[in-house]
Amino acid sequence: MMTGKIAAVNGPVVDVEFSGAEALPGMYEILEALDRFGRQVTLEVMEHLSQTRVRCISLATSINVVRGSEVRSTGKVIEVPVGEKVLSRVLNVLGQPIDGLGPIEAEKMKPIRRRDKKFLLNPEMRERQKFEILETGIKMVDLLFPLIKGSKNGILGGAALGKSLLTLEVIHNVVHKHHGACVFTGVGERIREGHELYHELKRTGILDRVALVYGQMDEPPGARFEAILTGITLAEHLREKNQDVLFFVDSVYRFAQAGMEVSTLMGHIPSETGYQPTLSSEMSEFHERIQTEAAGSITAVESVYVPADDLTDPAVVTIFSYLDSIVVLSRARVQKGLYPAIDPLLSSTVNLDPDIVGKRHFDIAQETLRILRRLEELNHIVSVIGIEELSKSDRLLYERGLRLQNFLTQPFFTAELHTGRPGAYVPVGQTLNGCRMILDGRFDQVPEDKLYLIGELQERRREG
Ligand SMILES: Nc1ncnc2c1ncn2[C@@H]1O[C@H](COP(=O)(O)OP(=O)(O)OP(=O)(O)O)[C@@H](O)[C@H]1O
Ligand SMILES: [Mg+2]
């Protein structure tokens, strides 16, 4: 191992000078330094500045790192513990436990950056791949954007539209029923939410099947950027052990943003979009690792923060292209109290296919979408000329549309605090039956608010 000296510290960017007698540490190699209080600071090599000097990004706060202090090279890139032992634990980007429960005695350590890129599935396997639906118990999701094992699903929306709660609800409902493991990666989001999730998982008894990786908003950009790679490394290893893995990220946008910060700090010139020139390669490198193999699968649910509600933001658009399902949350629906605030007309998916969900499901979904689209158009007319002016048939469609729209709202288990109602899990069969009955006009006489924030339809009918 070589030793060098800190030559310059510029925020999270640290330059290290070596004597030049030996080869410099390689790209992404980890260097260890001590700050002036004797705390270890991990640096990752990002660039070779000269034959004796490397530029690193710090993965912990570098505020107390001083010039001239000694740095040791390790000959390694970031390696994290993998395997069953990480379940129920909380890790940071370096794979160190941050839950205060002692060291993780893992069977194996794995580098978070992969060199063996055997990315493409062989075509034969793709043919044999069966589509398996993971029921979420969330009406709108199961009906219109079914979660297929091995797919990549995005939850998009501006600030405070319910991305995190929808992600948590999926975790809550799917992990309970599903017999695989789950990896949750918190990237650049609130530390409080990280704590809440941990305690919620513990309370509901599913913590032992979940591994948590956090690189939250208090961490330097390098740590926020790499945390997602740490998360996917844990998921990949569980998949190799024949498991079906659910992989959650909140939020992928923060990964893009951290990449931009790193790029700017390194002095790279942004592309004309304002983001780092490496944005799409970073996104693809990460997303290509989410894939299904003979042994097991990885199903990804990623929340995507949309800055200023602008769906044409270049980073958001780049993320789009890797997703099979795009569930868009809208502010207009939040303002009407329609939770989950999924806008079915802005969202899209390749998973809603009669060969996957079956013909009946497909037809009900298409009919529902048709009515919701008509409702949207009629809403504009009604707001101008009033409901009285609608033709008889339009009025019928309008009122049926309102009932359908209300039926597709749902009280969440994870939002009990916000709604004051107990959560409801609705099996997809019940969702289909409910929609079918409304589409057939069997609820035309029931006031529409009776269908608001309920679970299944039957129970309501008995009451009403
Ligand atoms: N399904 C829901 N039912 C009831 N209330 C909800 C629901 N989803 C979201 N909310 C309300 O909206 C608030 C914001 O939700 P959440 O934190 O999930 O948003 P977010 O999109 O993750 O926001 P941010 O971009 O700030 O992370 C919640 O605190 C809650 O009051
Ligand atoms: Mg959030």
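The largest nonpolar core of this predicted model has 121 residues, and those with the most contacts inside it are Phe247 and Ala256. A nonpolar core is here a set of buried Ala, Val, Leu, Ile, Met, Phe, Trp, Tyr and Cys residues joined through C-beta atoms within 7 Å, where buried denotes 20 or more other C-beta atoms within 10 Å of a residue's own, exposed denotes 12 or fewer, and partly exposed lies in between, with C-beta atoms placed from the backbone. Helix α5 (residues 221-240) supplies the largest share of this core, 9 residues; helices (H or I, at least four residues) and strands (E, at least two) are DSSP runs numbered from the N terminus. Leaving aside neighbours within four places in sequence, Ala256 is in contact with Tyr275, Leu279, Met283, Ala315 and Ile319, a contact being two C-beta atoms, placed from the backbone, within 7 Å.

Residues are numbered from 1 along each chain as its sequence is written, while chains are lettered from A and ligands numbered from 1 in the order in which they are written. Because the model is predicted, local features need pLDDT of at least 70 and side-chain atom pairs count only at pLDDT 80 or more, whereas totals for chains, interfaces and linings use all residues.

The domain assignment, which is automatic or from a database, divides the chain into domain 1 (3-73), domain 2 (79-352) and domain 3 (359-463). The C-alpha centres of domain 2 and domain 3 lie 30 Å apart, and 19 residues of domain 2 are in contact with 21 residues of domain 3. On the side of domain 2 that touches domain 3, the elements giving two or more residues are α2 (139-144) and α3 (163-177).

Ligand 1 has 15 residues around it, of which Gly162, Lys163, Ser164, Tyr339 and Ala415 come nearest; a residue is near a molecule if its C-beta atom, placed from the backbone, lies within 6 Å of it. This shell draws at least three residues from each of domain 2 and domain 3, and its largest share, 3 residues, comes from α3. By class, the shell around ligand 1 has 9 nonpolar, 5 polar and 1 charged residues, with Ala, Val, Leu, Ile, Met, Phe, Trp, Tyr, Cys and Pro counted as nonpolar, Asp, Glu, Lys and Arg as charged, and the others, Gly among them, as polar.

Strand β2 (residues 13-17) is largely enclosed by the rest of the structure, because 4 of its 5 residues are buried. Strand β1 (residues 3-10) runs antiparallel to β2 and is joined to it by 5 bridges, and Ile6 stands opposite Val16 in β2; pairing requires that DSSP finds at least two bridges between two strands. β2 also pairs with strand β5 (residues 53-58) in the antiparallel sense over 5 bridges, where Glu17 stands opposite Arg53 in β5.

Most residues other than glycine have a negative phi, and most peptide bonds are trans. The table lists departures from this.

| Site | Backbone feature | Value |
|---|---|---|
| Asp250 to Ser251 | cis peptide bond | omega near 10° |
| Tyr339 and Pro340 | cis peptide bond | omega about -5° |
| Ser88 | positive phi | phi near 75° |
| Leu453 | positive phi | phi near 45° |

Ser251 lies in the loop between β15 (244-250) and α6 (252-265), and Pro340 in the loop between α9 (331-335) and β18 (348-349). Ser88 is partly exposed, with 18 other C-beta atoms within 10 Å, and Leu453 is partly exposed, with 19 other C-beta atoms within 10 Å.
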